[in-house]
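Here are a few friendly notes to go with the model below. Please have a look at it before reading on.

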Amino acid sequence: MMVGRRLIGIFLIALMALGSILLWLGIPVGVLYAASRLVDSSQPSMGVYVLILIGIPLLMVIVGKVLSRLNRTYADVMGTAQTDRVTLPWHRSMRGERDAGHRTTVLDVVMVTSVGLALLAFGTWFFLFAGSSLPT
């Protein structure tokens with residue numbers, strides 16, 4: 001029984017990792033690619049820009065909700081679901097107790113790791129592979 005729970009937990013963590021990659025990379029690139037396929041000229045209409053400005057945040061909110069649901073499912077499966085309501089860090093008084101409130105979840109770790117890896121990949125590309133755009 002415990003092995004099955006762990007396998008399900010690993011599967012849910014993998015889904016959260018894929019979802020975070022989709023959130024930070026897949027959605028913006030996908031929407032920009034779809035918008036570019038809708039345009040036939042070098043002077044696109046305003047509708048394409050509206051599609052990009054509304055489509056990217058809307059899809060990010062939807063994927064964020066799915067990631068949140070995956071996190072709750074993981075907590076339920078692994079038996080770490082919180083029974084009381086957590087006071088978020090920005091809702092607490094700055095002079096109150098410092099350690100009460102938010103517990104770190106798997107989704108927190110996955111999202112911070114994905115952002116860290118994205119920054120590392122960007123820095124590697126920028127400093128090692130991008131080259132200079134200055135005229136020589």
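Which pattern does the protein chain follow when read along the sequence?

1. The pattern is α-α-α, and the secondary structure of the protein chain comes to three helices and zero strands. Helices (H or I, at least four residues) and strands (E, at least two) are DSSP runs, numbered from the N terminus.

2. A word on conventions: this is a predicted model, where local features need pLDDT of at least 70, side-chain atom pairs count only at pLDDT 80 or more, and totals for chains, interfaces and linings use all residues. Residues are numbered from 1 along each chain as its sequence is written, and side-chain values use heavy atoms, with hydrogens and water left out.

3. Of the 136 residues in the protein chain, 18% are buried. Here buried means under 20% relative accessible area, exposed over 50%, and partly exposed in between (1.4 Å probe, protein chains only).

4. Now to the packing of helix H1 (residues 2-38) and H2: the angle is about 180°, and their axes are 10 Å apart. H1 is therefore roughly antiparallel to H2 (a term for angles over 145 degrees). The axes are lines fitted to C-alpha atoms, for helices over the stretch in contact, and angles run from 0 to 180 degrees between N-to-C directions. By class, the contact of H1 with H2 has 25 nonpolar, seven polar and one charged residues.

5. Two residues of H1 are worth a look. Gly26 is in helix H1 and counts as partly exposed, at 30% relative accessibility; its C-alpha is 9.9 Å from that of Met60, 34 residues apart in sequence. Leu32 also has its place in helix H1, and it is partly exposed at 46% relative accessibility.

6. On the H2 side, Leu59 is found in helix H2 (residues 46-78). Is Leu59 buried or partly exposed? Leu59 is partly exposed, because its relative accessible area is 37%.

Conventions: Angles under 35 degrees count as roughly parallel, over 145 as roughly antiparallel, 65 to 115 as roughly perpendicular and the rest as oblique. Ala, Val, Leu, Ile, Met, Phe, Trp, Tyr, Cys and Pro count as nonpolar, Asp, Glu, Lys and Arg as charged, and the others, Gly among them, as polar.
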